[in-house]
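Please look through the sequence and the structure shown below before reading the briefing that follows.

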Amino acid sequence: MALPIVQMVNVEKWYGNNHVVKNCNLSIEAGEFLTLLGPSGCGKTTTLRMISGFELPSSGVVKFMNENVEKKEPYERDVNTVFQNYALFPNMNVAQNIGYGLKVKKVPKEEIARRVDDMLKLVQLEGFEKRRINQMSGGQKQRVAIARALINQPKVLLLDEPLGALDMKLRKQMQIELKRLQRKLGITFVYVTHDQEEALTMSDRIAVMSEGVIDQIGTPKEIYLHPKTRFVAGFIGESNLYDGIVREIEGDEMVIGTEVGVFPALKKQLTGGTVKVNDPVTVCIRPEKMKAGITEPEGFYFHAVMKEKIFVGNLTKMIAVMNNGNEIRINRIDEKDLPEPGQEFFLSWDTEDAVVIPSRSPIALDTADSIEAAAAAEQPEET
Amino acid sequence: MPEKTKTDNLEKSTKRRRHKREQSVRATISNVIMCGPITVWSVLFILVPVGFLVFMSFMTKGPLGRIVYKFTLDNYKEMTKPVYFSVVSESLVIAFWTTLITVLMGYPMGVAMAKMKKKTSGLVTIALMLPLWVSGLVILYSFVIMLNTSGTINSFLLRIGLLSKPLQLLYNRFAVIIGMVYMFLPFAVLPMYSSIEKLDPALIEASKDLGAKPVTTFFRVQLPLTSPGIFAAVILTFIPCIGYYMVSDMLGGGQSMLVGNLIFRQFTISRNWPFGAALSVVLAVIILVMVKIYTKLGGSLDDLAA
Amino acid sequence: MKEKKPEEKVRGRGLRIVSRIYLAVVLILLYAPVAVMIKYSFNKSRANVTWQSFTTKWYVKLFSDGELWHVFLTTLLVSVIATLLGTVIGTMGAVGMRKARFPGSKLITNSIYFPIVIPEIVLAVALLLLFNLQGISLGLPTIIIGNTTLVLPYVYITVKARLVGMDPSIEEASLDLGADRLYTFLHITMPAIWPGVMAGAFMSFSLVLDELIMTSFLADAATVTLPIKVFSMLKKGINPEINALTTIILLAAFLMVVVYLAADEMRNRRLKKMDAEQVRLNETD
């Protein structure tokens, strides 16, 4: 495997008594589009700023091409940043903004002009060179910011929620354009966002962060299909999450007792570690994998009552209630054979589709109680 | 549970090391270069002198204006004498009236300026400040010309027969207050203008819409919302007023002795430095208390140089 | 509601007119002493309290009065140096103290405000004590130090106000694009805070030009500035020559303001024209 272009090894960051980044280990491969995804305050921007050099790690090492860059100032690092609010220089016009990085390096004027022209072409802003910044729209400013960061031909481009200020339509358009740019230039992109859809659309790999910890790194598919923590399962896409404990393990199969009831699961669907009997786990079932049958299905099932049915165009979203009061989310593309609101139906899923996530912390007592109660009240009915 | 204690220990050990690097050496150097001069200057020429001032206020006055370095509280006790007490109260009375008149005169000016186009109000600001930029003192002297018994105002009033003999307008408290208002009005208008200008007209509209009378709207909505500007104007008038001995020297003719004059005198004619220092300390403390109240009420010191 | 609206409008306009008339009256009152001052610069009487007759001799005399010119030049020297020092130190300080967290930094940032929150005379006394107890003899340097201390907070505050309005990430963007801290300060930070720096410098200059309290405490007998000279004349009455000089300074200040405003207006117009042209160009594309 090629040498990672950026590496973070055991990086910690403290602000006073605030532990913002905890034991961060991250390898960024050359040419990939990596997204740091997480809610605000999860430490993703701080992580980015440690790569760009605006923050120094409290401990741990940041390496570029295997070289420790601790002593390198932001202006000596081979990375450039596209800032959240563009951070364009208000006292310069578009061309001066884009050419700034070259002017600093005392590149001859003619070459600056030529390369600025190239950049303007790249971001499709020809003819705008003399415009002042406050005359540009949000999307145009965004393009200028990207052009300005790319003119130095950095090995890595860092993007800190660059599309946050744009409206929905422009955002989608820019997502595609950013991906196009990244493919065309072959530069490594490190992208920070709290928008999971954005992350899934553009990334080669996603690092999901919460409370200063990278919970999981993987391709969008891995992250979605095999979330390694309860947080990842809940943050990315919709999900039905049930806390429970492992009751039995037998060969490839396990039996899980949860608050909604006891059901079988597959060992190969276990993510993020191993489990023993009585270990706490969380079971994640995506709404589109839930089955709502009017006729009794094969295998195990639960009884549930349809509560709401919402048609949102490309799919039908449903909320159902189980006998013990738990709400279930179900998404379906076709509308055939679906129970109507108020109707009782058979809720089931393929064991293949239930992902079992070992819990990091011991299960809370009240949850344990409700699991016991649920187990006593309702056994899944087998046919 | 053991897993938890393990992470706890890990957290503790990283906590101990956490101050290892906050910023790079070069960032620190650049900070030192930027902050150094102002820090050194503030320490040398503000903090240390104030320390000396407090120190001096507890020293003893020797013969012929010499200073005997012996601790005493006499300088502060001296101030409770009626003769000095009346000076302080006279200063406060003059400062009070000056401030009141200045704010009452200035606020409507701020209102007028706030209703203008930005460019026009800018011109008015310049027009307000221009005379004082040059030499307040010389222009202030015009009051001597205008107010004296044979001056412009008296001769005008005599000519139109409103007076039979000239009025004594100069060399009294009235003249000092006029002079002070003249000096501080332009400075007081600006913070009031900026707070009135920032006032959201929608709030006034809302109040009117809810059926409030204009008077109610003014006292219940506009005045409270523009109070930071008024406070700033009060501070900007009251503070210099107390120390400004020239105005009372020029227009008060020695009739009106203010704290400023008294302090000045300790360093010139009376040559009693410790007492002068003690007076300065008391003056500073009174003002600092006022400023503290001002900031507690939500005022910003930054507004004082707007 | 419908019937009320026009009435409301009239009242609003009425208030505007009344407030403008009021403002005009106050401005006239403020300029009355100025007019008197100018008038008496043409007064024949030396005592300069009563009007005698018209003369321009004080203006003529002014230009041959070596002593007064010396006083004026001293005042100018003090003003220029104190303004420069105050502006440089205050600007750097405002930029630096934004992020600085060193032990005692809070005390320093608070003490910077001291000269404006405590009466000038207190600081003057304090500095006098400092110089006296340290055996530093009074003179031009002590006056300059005192005045610089006095104007420092004004520069600090005006620059700070500009910094608050500046997006801090433009400095990071500059560092990110390869500029070191000095280059960033000169090419990014300075242009952004420039109006604040200029406002602070302007305020400082006009303050020092008219500064009496600080200067009279910290000056020796040989160093005389214009305000001190004027103040010492009070008892005998101010020499009309001073009126003449002040009139000239006032005129110069007025001309400077006019030139500045005209330049500003021209710049705005040019920018507007450029923008319009650029927009048109882009639209025809």
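The pLDDT is the predictor's confidence in each residue, on a scale from 0 to 100. By that score, chain B averages a pLDDT of 83, and 91% of the residues score at least 70. This is a predicted model, in which local features need pLDDT of at least 70 and side-chain atom pairs count only at pLDDT 80 or more, while totals for chains, interfaces and linings use all residues. Residues are numbered from 1 along each chain as its sequence is written, and chains are lettered from A and ligands numbered from 1 in the order in which they are written.

**Confidence**

- As a whole, the model scores ipTM 0.85 and pTM 0.83.
- The pLDDT is below 50 over residues 1-7 of chain B, a stretch with zero contacts in the model beyond near neighbours in sequence; two residues are in contact if their C-beta atoms, placed from the backbone, lie within 7 Å.
- Residues 12-19 of chain B also have pLDDT below 50, and this stretch has six contacts beyond near neighbours in sequence.
- Chain C averages a pLDDT of 86, with 93% of the residues scoring at least 70, but over residues 1-6 of chain C the pLDDT stays under 50 and the model has zero contacts beyond four places in sequence.
- Where pLDDT is low, the predicted coordinates should not be read in detail.

**Chain folds and domains**

- Chain A is assigned domain 1 (6-225) and domain 2 (239-377), with bounds that come from an automatic or database domain assignment, and the C-alpha centres of these two domains of chain A lie 39 Å apart.
- Chain B holds 13 helices and two strands, and because its radius of gyration is 27 Å, well over the 19 Å that the globule rule gives for 306 residues, chain B is more spread out than a compact globule.
- The radius of gyration is taken over C-alpha atoms, and the globule rule is 2.2 Å times the number of residues to the power 0.38.
- Along its principal axes, the C-alpha trace of chain B spans about 100 × 70 × 35 Å.
- Chain C has twelve helices and zero strands, and its radius of gyration of 25 Å is well over the 19 Å that the globule rule gives for 285 residues, so chain C is more spread out than a compact globule.
- The C-alpha trace of chain C spans about 70 × 65 × 45 Å along its principal axes.

**Where chain B touches chain C**

- This contact takes 68 residues from chain B and 73 residues from chain C.
- Several elements of chain B give two or more residues to the side that touches chain C, including α4, α10 and α13 (273-296) of chain B, while α2(B) gives the most, with 18 residues.
- By class, the side of chain B that touches chain C has 51 nonpolar, 14 polar and three charged residues, where Ala, Val, Leu, Ile, Met, Phe, Trp, Tyr, Cys and Pro count as nonpolar, Asp, Glu, Lys and Arg as charged, and the others, Gly among them, as polar.

Terms used:
Helices (H or I, at least four residues) and strands (E, at least two) are DSSP runs, numbered from the N terminus.
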